[in-house]
Amino acid sequence: MLPEGPSPRPRLAGFTPDFKLPPIQNGLAPVITKIETKLPVVFLTIDDGVTKTPEMIRLLAEYDYPASIFLAKDFVADQPAFFKNFIARGSLVENHTVHHNINMVTQMGYAQQLAEMNAMQDYAQQQFGRRPTLFRPPGGAYSLAMRQAVAAAGMKAIVTWEAKANDGHMDYQYGKDLRPGEIVLMHFRPEFAADLAAFRAAQLAAGLEVVLLEDFLDVA
Ligand SMILES: [Zn+2]
């Protein structure tokens, strides 16, 4: 019988990451839009949290997809327990601010941005028992002040995307297929089932495995 080594982390599906998250430098958190990897992996991220249906829980469980879930407190405070269903199956909650101001970069200074982030860190800790390590800017825009605030709030990176599932189809900023290392954006919206079906078709066509971004970056 072969000796058993350290068991692979289940959410990494046996892959050993070949990408290292750049460290915080000069007080600035790195920005990740896609993971540079040769491994056949793809990362699912789901934002906001406005719509909450049992179907969403059922579908992610059926496909066994772990996801990085970027929640904004204002959207989830009516029913935070809903999201524990995803955490129980390997997903993690991350920081998408409290108020989801999509003009955060232009309308808020450093201190205000940091306050938004810190309040969401505290809320996530209270509700879900873990302080987020990743930040997604509402609307996607970021700045040096935001990168500084993300680091000051104790997070490791800003995560954006180059592919999204939207209105039941995939949108790509580059090419017309999912690439290894792609970070895919979705939302908790009424079209969730159609969006997830579009993602699943693209994922299977590209031969990629869905793994948890936090595990790949070692920031779980
Ligand atoms: Zn959002």
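**Contacts, burial and strand pairing**

Author: Val184 touches Val42, Phe43, Leu44, Thr45, Trp161, Ala163, Lys164, Ala165 and Phe199, leaving out residues up to four places away in sequence. This is a predicted model, where local features need pLDDT of at least 70, side-chain atom pairs count only at pLDDT 80 or more, and totals for chains, interfaces and linings use all residues. Residues are numbered from 1 along each chain as its sequence is written.

Reader: What makes those residues count as touching Val184?

Author: Contact means that two C-beta atoms, placed from the backbone, lie within 7 Å. Val42 and Phe199 are among the residues that pass for Val184.

Reader: Why is Pro66 called buried?

Author: The cut-offs are 20 or more other C-beta atoms within 10 Å for buried, 12 or fewer for exposed, and partly exposed in between, with C-beta atoms placed from the backbone. Pro66 has 24 such neighbours inside 10 Å, so Pro66 is buried. Pro66 sits in the loop between helix 1 (54–63) and strand 3; helices (H or I, at least four residues) and strands (E, at least two) are DSSP runs, numbered from the N terminus.

Reader: How do you know that strand 7 pairs with strand 9?

Author: Pairing takes at least two bridges found by DSSP. Strand 7 and strand 9 (residues 183–187) have 2, in the parallel sense, so they meet that cut-off. Lys164 stands opposite Leu185 there.

Reader: And what joins strand 7 to strand 8?

Author: 4 bridges, with strand 7 (residues 163–166) and strand 8 (residues 169–172) running antiparallel. Ala165 has Met170 as its bridge partner.
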